[in-house]
Amino acid sequence: MKQFQTSKAIQRLPDQFFATMIDKLNLYKNRGYDTLNLGQGNPDQPTPSHIVQSLQEAAENPDFHKYPPFHGYEFLKEAVAEFYKREYDVDIDPETEVAIMPGSKTGLVELSQCFLDPGDVALVPDPGYPDYWSGIEMVGAEMKSMPLREENGFLPDYSEIDKESWEKAKLMFLNYPNNPTGAMAGEDFFVETIQEAEKNDVCVVHDFAYGAIGFDGNKPLSFMQFEGAKNVGVEVYTMSKTYNMAGWRVAFAVGNPSVIHALEVIQDHYFCSIFGGLQKASATALLSSQQCVTDLAETYEKRRDLLVHGLEEAGYHVAPCQGSFFTWLEVPEGYTSQGFADDLLESTGLFVAPGIGFGTHGEGYVRIGLNNSEETLRDAVKRFKAFKQK
Ligand SMILES: Cc1ncc(COP(=O)(O)O)c(C=O)c1O
C-alpha cells in the first residue's frame, strides 16, 4: 500500500513513551502474568450520579441536539465564574475570561499553537506532563526544561534560567499539585512566578488538573488567587480528575482575556464547542454540593497513607506526596528508572511509570498512581516488599 509522507509538524511529535510501556504491560498480561497497573493516570471511580443524571436529562433536550455556540454556552461560563468565586474568592468575567475546551490536553497543545513560533522558547517543568511537549514540537519551538528537584520541593529555580532563554521565552508551563511528583506550590512561589513573568514578558500557563486533590488539610492554591496573575497568564482546569469525568472530555481555561480570546479563535477552526448536554452536566458538577469532591480527596489521602507507609516500611524512599494522585518513588541504588520498572514488572507483575518518561530529571524515580483500590495497593505493597527482599 502507498505510504503517504506526513508533514514535518507531525514528524516532530515526540514518541508516546507511555504507549510503548502499555504495550509492554499487555505483553506480560497476555503471557499470563498477574499484573497490577499502577502506572497510568486514569481516575478509577465513576462520575458522581447527580452529574450522570444531569447529562441523561440534558440529552433529551432538543436545544442541545443543534450545534452549540462556537465558544460554549454562557451558562457553563457563568458556572465556571461562580466556581472560582466560591472556591478561591477570585472574580472571573464569564464573557471575556473563560474558554471552554474539549479536555485540557487539547487546550494545552492549542496554547503552544497560539503563542509560539519557530525559534521561540517554552519553559517546561522537568519532570513534567509530556503533553506540554507535543504542542511545542508541533510548532517547531524550543523547549527549555526547568529542573524540579526534591531538595527544592520540586519547584523550579528561576535563577537557573539563563538570560537568552528568558529573552526567547514566550510561554511557561507549571502544574501544582504536580504530576508526576505529588508536590504542591506555596504562596511565595506563585508570587515569585508572577514577578518573573512580568519582568520577562512570559505568559504563564498553570495546569491545575489536580486542583481538587490536596492532602493533610491543605487546599491547593489557584494561580488566579494571586495579585497580577490575570495579567500574566491563565489557569487550565479539567473536569476529568475533580469529578471523575476523564471520559467526558470537558475542561476550561480562565484568566488573561487576550489568551482566552486566542484559545477561542483557534477553537473556532478546530471545533464547534462540545455537546450541550456535556456542558449542562459540567455546570451541574461545578454548582452542586462539593461533598463528592471532599470524599474523593479523602479517598486518595487514605490510599496515599497506606501506600507510602507500606513502601517506607519496606525500605523505599518516597518523595513527600502533598497532592495529586501520584507518588514519586526513588528507585533503589544501582537502577535506572526504566531498569527498575522492567525488573519490577518481570518479577512481580507490578507496572509503574519510569521517571525518564517525564523528562531527564525524572531519572531516578518511578511514578505510582493512587487510582487503585486499597486492596490493590495492599497487594502492591506486598509485592514491593518481596522485590526488595529478593
Ligand atoms: C498534569 C495533567 N494535565 C492535564 C491532563 C489532561 O487532562 P484532560 O485532558 O483529561 O483534561 C492530565 C491528565 O492526566 C494531567 O495529568
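Predicted model: local features only at pLDDT ≥ 70, side-chain atom pairs only at ≥ 80, totals over all residues.
Okay, what's between them? The contact draws 38 residues from domain 1 and 37 residues from domain 2. Together the domains bury about 3,100 Å², with 59% of that on carbon and sulfur atoms. On the domain 1 side, keep an eye on Q322, F358 and H361: they supply 20% of the area that domain 1 buries against domain 2, more than any other three residues.

Now the polar part. We count one salt bridge between the domains, plus 18 residue pairs in polar contact, both residues at pLDDT 80 or more. As for which elements of domain 1 do the touching, α1 (8-12), α13 (291-313), β10 (326-330) and β13 (365-369) each give at least two residues. The largest share, seven residues, is from α13.

On to the packing. The largest nonpolar core has 100 residues, and Y84, Y243, F252, L286, F340 and F384 have the most contacts inside it. Both domain 1 and domain 2 give residues to this core, so it lies between them. Let's zoom in on Y243: leaving aside neighbours within four places in sequence, Y243 contacts T47, P48, I51, F83, A285, L286, Q290, C292 and V293. There's also a second, separate core of 23 residues, with M101, L116, V234 and L263 among them.

Methods: Residues numbered from 1 in each chain as written. Heavy atoms only, no water. Core = buried A, V, L, I, M, F, W, Y, C linked by side-chain atoms within 4.5 Å. Buried < 20%, exposed > 50% of the residue type's maximum accessible area, 1.4 Å probe, protein only. Domains from an automatic or database assignment. Contact = heavy atoms within 4.5 Å. Buried area = accessible area lost by both parts, 1.4 Å probe. Salt bridge = Lys/Arg side-chain N within 4 Å of Asp/Glu carboxyl O. Polar contact = N/O pair within 3.5 Å; in protein donor to acceptor, adjacent residues only side chain to side chain. Helix = DSSP H or I, 4+ residues; strand = E, 2+ residues; numbered from the N terminus.
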